[in-house]
Amino acid sequence: MAELKTGDRVSLVGRIQDPVGRGQSVTIKKELGRGGQGIVYLVNFDGKDMALKWYLNAPDNYFYPNLNNNILNGAPSDAFLWPKALTERQNGSYGYVMDLRPKNYFEFGNFLMAKAKFKSFNAMLAAAMKICNGFMMLHRFGYSYQDLNDGNFFIDPQTGDVLICDNDNVMPQGEKSGIMGKARYMAPEVVAGGIPDKYSDRYSLSVILFMLFYANHPLEGAKVVACPCMTEAYEKKFYGSEAVFIYNPNDKSNLPVRGIHQNVIRRWPALPAVLRDTFTREFSEEMLRNPQKRMIEQNWEKLIATLRDSLVICPHCHEETFIEEGKNTCMDCGKPIDTSLQLKLGARNLYLTDGTKLYIDHDNTADVQVLSDPKAGLLLLKNLSSGTWAAETPSGKLKTVVPGDVMPVKAGIKISFNQNTKGEIINA
Amino acid sequence: MSLLDETVEIPRRTMTLFFVIDTSGSMAGSKIGAVNDAVVNVLPMLEEISAENPDAEIKVAALEFSTTCSWLYSEPKPANEFVWQDVQANALTSMGAACKELASKLSRSGFMKSASGSFAPAIILLSDGAPTDDFESGLATLKQNNWFKAAIKVAIAIGDDADKDVLTKFTGTNEAVFTVHNIDALKQIIRVVAVTSSQIGSKSSTAGDTTKQEQVIAEVKSAVDNIGGAEVASAPATTASYDDWD
């Protein structure tokens, strides 16, 4: 075995930052944590703190060149805490260097154990969007992740920003890292022994999103709880050959159990129907058995964008709630919400209530904050974006709204947010 | 109050780690002292593994056997609530009785009654000698038990007087019997075996072709290379695998 100790120098292949070549090294400062695969150390690189993942049992030879390729190709998106430099083989093993994870990010497992909680649905949707986007970019680069589970991504509960870690398990499509995830996050065909690919990643993604939104597992209901001893053989059944979605409309054998699956029992009826419909479809027998039919990441992104458009702040209780067609009562206080003031943006209708944030483009950051001016008895739109808006009043006057500035909400005002995105305030 | 504020912990299964400890007369002195010390020191590590694990909570149970056998607590306890009471050594080695006692508690009416279910337990047997009672009939009873069949089973043989055949029969394979020759090695192996079994036993499985017990053995083996005075049993298994050749 190849543990390292404080003060050990580990030499690197390749580069952490340009221009560097061979001959660089990092120095071990202390151990940060360990798991089945290896140890993560805090290391010093050229005066800067970084992290070194060091394998205790070096995976097979194939792993090393694969890591090297991933490092040379760079991260698919900023959602990934990507390997930055490979170490030379030494002390009977090897590892890779990456940035440290900031302190305000919590392992997803901590959210599941209710030790970390999302500050808002707004943050939850930002997290969902970032995870989908990360996987879309990963697949676009030709990779599959192979081992998506609650231990390898980290979320800031305030903002919903996400960091996906353990990217050493990322492999080109069709190849197998040999490192397997947890059965509860694996697609049924992988549980049965298949090779992970982008289709099985999409299954894992839908499990993660379900757990993000509903805080329970989509396949763990009455049937699974009734199993006294979860052996490997039973896991292969419940997550593989005999998987049943807890809200499968055609098979009620695995419904959630009161007192045990409290989160999903509360949230399933409260969150929008479009989310229920999507998960019911994605966890149907057909989708479990037909990997190619599973929803692609872009469509998850569209769904999350739709949900975000329907998320408003209730003017009565100031909590967040979702407006759905035919349902405009607050899910917290139950009072009706006046949704007549809207920003019409192509086919989208964004509801304007005090406190609501609007997402105009798809960069996962809010562009507009709705505020109120009680004296004037008006709602205001604050420009949170970095661009200047051009507005045209009903009488034809032209105005500009620079970043940080506000404008009144009056029906008939047309706003150009940028060259391609034009909206109009309406009173429906 | 928002829906998000009402979020509760997802149901976790329970993984119980059993220490089955020989406290016969020959264990007296530094051996029993080392066991007491090692278990006390490993409990906080188990607590940490449990606290970070959304799949399962880890509980601990301990059975000591000498002339008679007895549980340290009447039910498995979370690692942070398990206050170790030092065990004392005396007299005989009733390992057969210990097997029967273990079998009686490996049931839903015994120790395995978690509302949200369990993972298979991990059982660590420590001994420095040979049974002085009817081990075979005790083991036969235990081997009928489905929890025992599914369990991760590891034995630690303390010194050369430990009956490795007996320990091999208990774990089902000689690969799961680890021998230690000094007190430091004993402390280290207790830590490694307890931590590794808890880590692997308390997680949703990797659904590969290896069992959890095999994964534990592989990890402990690689750790043993680093421990002076610890070794894997090298004698061939004396289980029934050659019966076909008679």
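How many residues of chain A are in contact with chain B, and how many of chain B with chain A? This is a predicted model, and in it 39 residues of chain A are in contact with 35 residues of chain B.

On the chain A side, at least two residues each come from helix 2 (108-112), strand 12 (229-230), helix 7 (232-241) and helix 8 (262-270). Helix 8 of chain A gives the most, with 5 residues. By class, the side of chain A that touches chain B has 19 nonpolar, 9 polar and 11 charged residues.

Two of those elements need a few more words. Strand 12 of chain A is joined to strand 5 of chain B, residues 118-119, by 2 bridges, and the two strands run parallel. There, A:C229 has B:S118 as its bridge partner.

Next, helix 7 of chain A. Its buried residues are A:E232, A:Y234, A:E235, A:F238, A:Y239 and A:G240. Within chain A, these buried residues pack against helix 4 (188-191), helix 6 (222-225) and strand 12. In chain B, they pack against helix 7 (212-224).

Now the core. The largest nonpolar core has 200 residues, and those touching the most other members are B:V20, B:I124, B:I156, B:I189 and B:I190. As for B:I190, leaving out residues up to four places away in sequence, it touches B:V35, B:A38, B:V39, B:V42 and B:I156.

Staying with helix 3 of chain A: its axis comes within 11 Å of that of helix 5 of chain A, residues 198-214, and the two cross at roughly 175°. The two helices are therefore roughly antiparallel to each other. Helix 3 of chain A brings A:M124, A:A127, A:A128, A:I131, A:C132, A:F135 and A:H139 to the contact. Helix 5 of chain A brings A:K198, A:D201, A:L205, A:I208, A:L209 and A:L212. By class, the residues of this contact are 10 nonpolar, 1 polar and 2 charged.

Last, strand 2 of chain B, residues 56-65. It is largely enclosed by the rest of the structure, because 10 of its 10 residues are buried. In a regular strand, side chains alternate between the two faces of the sheet. Here B:A56, B:I58, B:V60, B:A62 and B:E64 are buried on one side, and B:E57, B:K59, B:A61, B:L63 and B:F65 on the other. Strand 2 of chain B pairs with strand 1 of chain B, residues 13-22, in the parallel sense over 10 bridges. In that pairing, B:T16 stands opposite B:K59.

Definitions and conventions:
Residues are numbered from 1 along each chain as its sequence is written. Chains are lettered from A and ligands numbered from 1 in the order in which they are written. This is a predicted model: local features need pLDDT of at least 70, side-chain atom pairs count only at pLDDT 80 or more; totals for chains, interfaces and linings use all residues. A nonpolar core is a set of buried Ala, Val, Leu, Ile, Met, Phe, Trp, Tyr and Cys residues joined through C-beta atoms within 7 Å. A residue is buried if 20 or more other C-beta atoms lie within 10 Å of its own, exposed if 12 or fewer, and partly exposed in between; C-beta atoms are placed from the backbone. Two residues are in contact if their C-beta atoms, placed from the backbone, lie within 7 Å. Axes are lines fitted to C-alpha atoms, for helices over the stretch in contact, and angles run from 0 to 180 degrees between N-to-C directions. Helices (H or I, at least four residues) and strands (E, at least two) are DSSP runs, numbered from the N terminus. Angles under 35 degrees count as roughly parallel, over 145 as roughly antiparallel, 65 to 115 as roughly perpendicular and the rest as oblique. Ala, Val, Leu, Ile, Met, Phe, Trp, Tyr, Cys and Pro count as nonpolar, Asp, Glu, Lys and Arg as charged, and the others, Gly among them, as polar. Two strands pair if DSSP finds at least two bridges between them.
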